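Subject: Handover of a structure

Dear colleague,

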Amino acid sequence: MSSGAAFWAEYIRRLIEETKYKLGLTDYTITLVVAKLPQDDFKMKIMAAPEYMDAVIDIDPSALDTGDEVDELVAHEMSHLMHWELHQVAEDLVILAANGNELLLTKFSKEVERAAELATTRWGKAVKKFIKDSRNENRH
Ligand SMILES: [Zn+2]
């Protein structure tokens, strides 16, 4: 692992802890995995098991650009935890409703994914601002 990767891993670990606290997710154990992700568009991703208060965030430092983007990526991934169950239930409902109809399954799966990502992006931007503002307040 390069020193750049080590820097980002430490920075992100701190940001995850800060975000956990701000979002009231302190019961969660979040493991950070630094690794090359298979697709180019994946810089960071999260998988969660809310019933165990457990999540894993994968990060690919080689895909990162600026510090500001990292703040937003972490805020986005952490925001997924705020409505994780809702996203899963929606995906399960799509499978039930499509009842083997591949066309419906594809169409509604994409709709659910898009709606969940849109909500997460809104959440993530709010969380990023919230953390930035509270850092500024703490400086006074
Ligand atoms: Zn997302």
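Among contacts in the protein between residues at least 6 apart in sequence, 67% join residues at least 24 apart. Please note that this is a predicted model.

Overall composition

The protein has 4 helices and 3 strands. Starting at the N terminus, the order of the elements is α-β-β-β-α-α-α. Along the principal axes, the C-alpha atoms occupy a box of roughly 55 × 35 × 25 Å. Of the 140 residues, 19% count as buried.

The sheet

The 3 strands make up an open sheet with mixed pairing, in the order β1-β3-β2. Because β1 (29–34) and β2 (44–49) stand at the edges and have a single partner strand each, one side of each is left without a neighbour in the sheet. From one strand to the next, the twist averages 15°.

The two pairings may be described in turn. β1 pairs with β3 (residues 54–59) in the parallel sense, over 6 bridges, and I30 stands opposite A55 in β3. β2 and β3 run antiparallel and are joined by 6 bridges; here M47 stands opposite V56 in β3.

β2 and β3 also form a hairpin with 4 residues between the strands. M53 lies in the loop between these strands and has a positive phi of about 50°, although it is not a glycine. M53 counts as partly exposed because it has 14 C-beta neighbours inside 10 Å.

A second residue with a positive phi is N99, at about 45°, and it is not a glycine either. N99 is found in the loop between α3 (84–98) and α4. N99 has 8 C-beta neighbours inside 10 Å and therefore counts as exposed. As background, most residues other than glycine have a negative phi.

The nonpolar core

Which residues touch the most other members of the largest nonpolar core? Among its 16 residues, they are I16, I57, V74 and M78. At least two residues of this core are supplied by each of α1 (3–23), β2, β3, α2 (67–80) and α4. The largest share, 4 residues, comes from α2. In general, nonpolar side chains tend to be buried together in soluble globular proteins.

I57 deserves a separate note. Leaving aside residues up to four places away in sequence, I57 touches I16, I30, L32, M44, I46 and E77.

Helix α4

Helix α4 covers residues 102–138. At 1.5 Å a residue, its 37 residues should span 54 Å, and its end C-alpha atoms are 52 Å apart, so the two values agree. The buried residues of α4 are T120, G124, V127, K128 and I131.

Apart from residues up to four places away in sequence, K128 touches D71, E72 and A75. The C-alpha atoms of K128 and V56 are separated by 20 Å, and these two residues are 72 residues apart along the chain.

Yours sincerely

Terms used
Residues are numbered from 1 along each chain as its sequence is written. This is a predicted model: local features need pLDDT of at least 70, side-chain atom pairs count only at pLDDT 80 or more; totals for chains, interfaces and linings use all residues. Two strands pair if DSSP finds at least two bridges between them. Axes are lines fitted to C-alpha atoms, for helices over the stretch in contact, and angles run from 0 to 180 degrees between N-to-C directions. The expected span of a helix is 1.5 Å times one less than its number of residues. A residue is buried if 20 or more other C-beta atoms lie within 10 Å of its own, exposed if 12 or fewer, and partly exposed in between; C-beta atoms are placed from the backbone. Two residues are in contact if their C-beta atoms, placed from the backbone, lie within 7 Å. A nonpolar core is a set of buried Ala, Val, Leu, Ile, Met, Phe, Trp, Tyr and Cys residues joined through C-beta atoms within 7 Å.
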